[in-house]
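Have the sequence and the model open side by side as you read.

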Amino acid sequence: QGLAVAAQTQHHALLYDTGPDFSGDADSGNRILIPTLRALGIAKLDGLILTHDDIDHTGGAASVMQAMPIDWVSSSLPKEHPLLVNLNNAKRCQAGELWQWDGVNFEILNPDAASYADKKMRDNNRSCVLRISVGEQHILLTADIEKEVEKQLLAEHADKLSTTLLVAPHHGSKTSSTDEFIAAALPDYAV
């Protein structure tokens, strides 16, 4: 299992996670993502989001970072993480961050700033949750959030959960996708 989503607007490209590492030499970055991005005509990334510190989400990151220029990297990884150590364009993924590219709106819904001080919080629940919107069409990328964060999102962002396309939390695991969360998201499509 793993997750990687490329989002492309007219003039910008974002990669949300980088899939798994397969063997150390072979990972989803060098085997799948770089060839696919190049085939799509993407020679650089405007942004890379590494949602949390799980190898099925960051396994291809080193290969992607080596193969193409990236304007910024946003993550919930610890600042001392090997992927971030030598970067001068890294920032924390944090709820409330908004940007727009070519009429497409992007908004981070999780994690909140206080979560970084909570040493007991599971990495999954610190996953960067991204909402992408074009008019009335929305995509909700949830990484590996679990029931606790779904409940928090319902309390803090209920008006932003309705979506056209939902990438199911935690790969459809039993730790996530509560009835209440799915009812609020009510996606037309789920991956």
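I49 is buried, with a relative accessible area of 0%; here buried means under 20% relative accessible area, exposed over 50%, and partly exposed in between, with a 1.4 Å probe and protein chains only. This is a predicted model, in which local features need pLDDT of at least 70, side-chain atom pairs count only at pLDDT 80 or more, and totals for chains, interfaces and linings use all residues. Residues are numbered from 1 along each chain as its sequence is written, and side-chain values use heavy atoms, leaving out hydrogens and water.

I49 sits in strand 3 (residues 45-50). Helices (H or I, at least four residues) and strands (E, at least two) are DSSP runs, numbered from the N terminus. Leaving aside neighbours within four places in sequence, the contacts of I49 (heavy atoms within 4.5 Å) include L14, Y16, W99 and L130.

**Two cores**

A nonpolar core is a set of buried Ala, Val, Leu, Ile, Met, Phe, Trp, Tyr and Cys residues joined through side-chain atoms within 4.5 Å. The largest one has 19 residues, and I49 is among the members that touch the most others, along with L14, Y16, W99, F106, L130 and I132. Two or more residues come from each of the elements tabulated here.

| Element | Residues |
|---|---|
| strand 6 | 98-101 |
| strand 7 | 104-110 |
| strand 8 | 129-134 |

Strand 2 belongs to that group too, while strand 7 gives the largest share, 3 residues. A second, separate core of 18 residues includes L15, I34, A61 and I70. In soluble globular proteins, nonpolar side chains tend to be buried together.

**Helix 1**

I34 brings us to helix 1, whose buried residues are S28, G29, L33, I34 and L37. Why do they share a side of helix 1? Because they cover an arc of only 125° around the axis, taken from the directions from the helix axis to the C-beta atoms. On the other side, R31, R38 and A39 are exposed. The buried residues pack against strand 1 (5-8), strand 2 (13-16), strand 3 and helix 3 (61-67).

Helix 1 (residues 28-39) has 12 residues and spans 15 Å from its first C-alpha to its last, close to the 16 Å expected, that is, 1.5 Å times one less than its number of residues. Just after helix 1, G41 takes a positive phi of about 85°.
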